[in-house]
Amino acid sequence: LGAKGLELLRSRAAHAPSAGEVATPTALVSEEDVEARARAQPPAWVEVKTVGAYEVEEVSPDSIQAWPEAEGRRGDADKTTAPASSGVVGAIPAGARVGDVLMEVEGEDLPAMSLRRLSNGMAINLVRSTAEPDAVALRLSAPGGRAADDAERPGALLLATATMLQGGSVGAYSREQVEMFCICHLIELNMEVTEECVRWDVHCPVGEGSAGLAAALQVMHALLTDFRWDSCTLDHTRSLFAAQHDARCKSLELAATHALMNAVWGGDERFLEPSPELLARLELADLEAVLARHLATPNLELTIVGDFDPTVVDELVLRYMGTLPPPGDSSSCPRTSLGSETPAGAAVGVPIPPRICPAPDRSLALQRMSLADSEPRAVAYIWGACATRFGTGAPADARLPKPVPGSALCGHPLRVAVALELLTEVINSRLFSVLRDMLGLVYESCVRFADLELLPSNGLVVTISAAPGKVDAAHDAALGVLRDLHSGRQPPTSYDLNKARRAVLANYASPPPR
């Protein structure tokens, strides 16, 4: 939806209702309903063998017994190091459970990632981190996104997600009651539709005396099983999109971005912001069907990262996610249509067939447009193809240099992702140095790499803000910077790389303990 779109969707009410006006529910999911679902289909963890190309080790009863509790400790107190004879790489959490798949990178002191799967087909990833004490972040993701929209009904998934976010009524509870439930438990919920997936991001507190994690999982469970669709919310959401469409036509940046994306995606309406005419053709049945297809349990992956108790998380996930009913027929799930997935259901490295990813319209390689604005100014955008985030699908991925066998980077799943982050810092530094310091052409310039993982294409966008009389020269100078880096005429120096390393590491530095 984008930041501005989400802000627009949240502007329905001038202020949140107070506790005195709305009866706040104690729970959104009744114990009777959960127990009934559990009796109909008992939730359980299923065996997972491997996870794509990652180096993993499945936890079994024998291997747990082989890890003596007194064996050498490293890091924090909840980790033990497996004996060298066990064949396990890195640190293994004490109290590892049967069915766990633990991913570790040799030589790196990182927390183990527990990759599991529920009996209803849902993938679960758990990472315990104390970077933010007494807090947990959850991401529920489903591959497919706008690329999986029906070509005859573009924008259906976008409108469906916006309608759910705008509506919020579940079961017997109104939107206001659900809002008060989230406010009382300090739950933040955000929904987003990208080109390749649907994402729900939730943040909540945990710790002694807090029921935030249980409440957050209840919100997800209720939205997935008992959301109430109504025509009034749909009409209101359509009107918000219409207002956003009008604003886009009048905004210099938004209009230019829309023209750029129209060229990048070859005019395919699935990847563009939908017009009011397109949305008017969509009915509630269309929205309910497309969202049900995406949010089926075999297509879902839940990642939980934070300062949680693993035993409590296991119980809550089984209770609220394990009791989600699986679909009768999962053949229409986008994950199934993506190709052969890994046994653990990892989305990484599962490309969408190229037929649903349109080629750029080369006839629109250079576009100019003029809009009335409050002051004389200009923007320029440059788009270019680049590798996907994990180097698993784009044509540009075939041109990636091969790592030296036996090196630390060989086979590392984050090799390309980290390279793109470093490139972002290097290019931004070059753009600032050349366009602003040396030539004095721009107010601001920056580059951003898209983080597409599943689509067989990815891209970078350079944004330039300058005076109208200087924007053409700034555009040409920015192209020169990119071409010099690409051709090797002015490759990154050791100073550039070290500076980029420091900037990237600073982004991931843990805050000091409170």
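**A loop residue and other local details**

Reply: Leu 186 sits in the loop between helix H5 (175–184) and strand E9 (188–193); helices (H or I, at least four residues) and strands (E, at least two) are DSSP runs, numbered from the N terminus. The model is predicted, so local features need pLDDT of at least 70 and side-chain atom pairs count only at pLDDT 80 or more, while totals for chains, interfaces and linings use all residues. Residues are numbered from 1 along each chain as its sequence is written, and side-chain values use heavy atoms, with hydrogens and water left out.

Leu 186 is not a glycine, yet its phi is positive, near 55°. Its relative accessible area is 58%, so Leu 186 is exposed (buried is under 20%, exposed over 50%, partly exposed in between, with a 1.4 Å probe and protein chains only).

Asp 134, also not a glycine, has a positive phi of about 55°. Asp 134 is in the loop between strand E7 (123–128) and strand E8 (135–143). With a relative accessible area of 43%, Asp 134 is partly exposed.

On the cysteines, a search of the whole structure finds zero disulfides, a disulfide being a pair of cysteine sulfur atoms within 2.5 Å. The closest cysteine sulfur to that of Cys 182 belongs to Cys 184 and is 9.4 Å away, too far for a bond. Cys 182 is buried, at 12% relative accessibility, whereas Cys 446 is partly exposed, at 30%.

Asp 484 belongs to helix H14 (residues 471–487) and is buried, at 17% relative accessibility. Its side chain makes a polar contact of 2.9 Å with that of Arg 489; a polar contact is a pair of N or O atoms within 3.5 Å, where within protein one must be able to donate a hydrogen and the other to accept it, and residues adjacent in sequence count only if both atoms are side-chain atoms. Leaving aside residues up to four places away in sequence, Asp 484 touches Arg 489 and Gln 490 (contact means heavy atoms within 4.5 Å).

Last, a helix pair. The axes of helix H13 (residues 415–438) and helix H15 (residues 494–508) come within 9 Å and cross at roughly 120°. H13 is therefore oblique to H15. Axes are lines fitted to C-alpha atoms, for helices over the stretch in contact, and angles run from 0 to 180 degrees between N-to-C directions; under 35 degrees counts as roughly parallel, over 145 as roughly antiparallel, 65 to 115 as roughly perpendicular and the rest as oblique.
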